[in-house]
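Have the viewer open as you read.

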Amino acid sequence: MTVEAPKRKRVRRRRWLPIALLTFAVLAVAGLGVAAGIVMSVARTLPALAQRSPTPFLSTVVLDKDQREVTKIYGTENRVVVDIDQVPKHVQDAFVAVEDKNFWRHYGLDPRGIARALYNDLRSRPLEGASTITQQLARNAFPIGRERTLRRKLREAVLAIERERRYTKKEILGMYLNHIYFGRDAYGIESAAQLYFGHEPRADCPAACQLTLAEGALLAGLPQAPNDYEPITNPEAAVKRRNVVLELMVQNGFIAREESD
């Protein structure tokens with residue numbers, strides 16, 4: 001009798017296994033169908049937008065007769081665009097280390113982040129998950145909304161893929177650095193460098209006016225939460241965040257431990 005009981009259990013398992021597999025397959029196909037439908041509906045709304053280049057709002061610089069800056073006039077955003085080739089390498093590396101360590105290798109998306117967003121949406125949970133630099137550019141430079149929904153996340157993903165198709169990685173990083181917000185009405189790396197350090201993020205300016213490694217790391221830590229980390233009113237939080245960026249630069253091979261120390 002004790003021998004027959006396990007046999008009956010094994011038989012029951014074998015009977016239920018095909019049903020379980022079939023149920024799983026049906027649910028998987030249904031989930032893929034839902035996801036495909038959402039993607040197609042989102043994609044139909046984006047072609048015209050995807051063809052546009054992100055054009056930042058620029059500040060007007062007033063010069064005197066000797067071509068010296070007198071003041072800046074800006075509307076909605078205080079921004080001066082700088083070419084990515086003029087941004088020191090250690091500053092570029094700081095942003096990549098803290099925001100998107102795989103930036104130079106991926107095609108614009110974080111597949112795990114997209115999968116997590118789909119899973120949370122299907123379970124009616126808030127969307128979360130890190131975005132790539134290209135996705136952040138799409139979110140900040142195009143009018144796709146800021147709501148935490150799957151539809152907005154997919155619009156962001158489509159635009160990110162289109163950015164990667166149309167531009168080089170250096171161009172994308174340059175657009176990102178010129179668009180992001182650094183707190184205190186400073187948009188873009190140039191305005192932020194001038195505001196917080198009185199420096200220019202330009203590799204061709206004299207050494208005394210260039211951003212140092214520490215300054216570049218501090219600026220790289222701001223976009224995640226500019227109001228919390230900006231160094232004028234929150235110097236301790238800014239330094240802690242800067243140290244996080246320096247540590248990430250070490251971990252990802254951008255600088256040596258001695259440089260971080």
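Start with helix 8: the cover over its buried residues includes strand 3 (78-79), helix 3, helix 7, strand 4 (186-187) and helix 9. Helices (H or I, at least four residues) and strands (E, at least two) are DSSP runs numbered from the N terminus. The residues being covered are Ile189, Glu190, Ser191, Ala192, Ala193 and Tyr196, where buried means under 20% relative accessible area, exposed over 50% and partly exposed in between (1.4 Å probe, protein chains only). Just past the end of helix 8, Gly198 has a positive phi of about 65 degrees.

Before going further, a word on the source: this is a predicted model, with residues numbered from 1 along each chain as its sequence is written. Local features need pLDDT of at least 70 and side-chain atom pairs count only at pLDDT 80 or more, while totals for chains, interfaces and linings use all residues; side-chain values use heavy atoms, leaving out hydrogens and water.

The loop between helix 8 (189-197) and helix 9 (213-220) holds Cys209. Setting aside neighbours within four places in sequence, Cys209 is in contact (heavy atoms within 4.5 Å) with His199 and Glu200. Its C-alpha atom sits 10.0 Å from that of Ala193, 16 residues away along the chain.

Now to Lys169, in helix 7 (residues 169-179). Is Lys169 buried or exposed? With 16% relative accessibility, Lys169 counts as buried. Beyond neighbours within four places in sequence, Lys169 is in contact with Phe103, Trp104, His106, Gly108 and Glu164. Here are two partners of its side chain; a polar contact is a pair of N or O atoms within 3.5 Å, and within protein one must be able to donate a hydrogen and the other to accept it, with residues adjacent in sequence counting only if both atoms are side-chain atoms.

| Lys169 side chain to | Distance |
|---|---|
| His106 backbone oxygen | 2.8 Å |
| Glu164 side chain | 2.9 Å |

Helix 3 (residues 89-99) also packs on helix 11 (residues 235-251), at an angle of about 95 degrees and with axes 9 Å apart. The two helices are therefore roughly perpendicular, a label for angles of 65 to 115 degrees. Helix 3 brings His90, Asp93, Ala94, Ala97 and Val98 to the contact, and helix 11 brings Arg241, Val245, Leu248 and Met249.

Finally, confidence: pLDDT (the predictor's confidence in each residue, from 0 to 100) averages 76 over the chain, and 61% of the residues score at least 70. Over residues 57-67 the pLDDT is below 50, though this stretch has 25 contacts in the model beyond near neighbours in sequence.

Notes:
Axes fitted to C-alpha atoms, helices over the stretch in contact; angles between N-to-C directions. Parallel < 35°, antiparallel > 145°, perpendicular 65-115°, else oblique.
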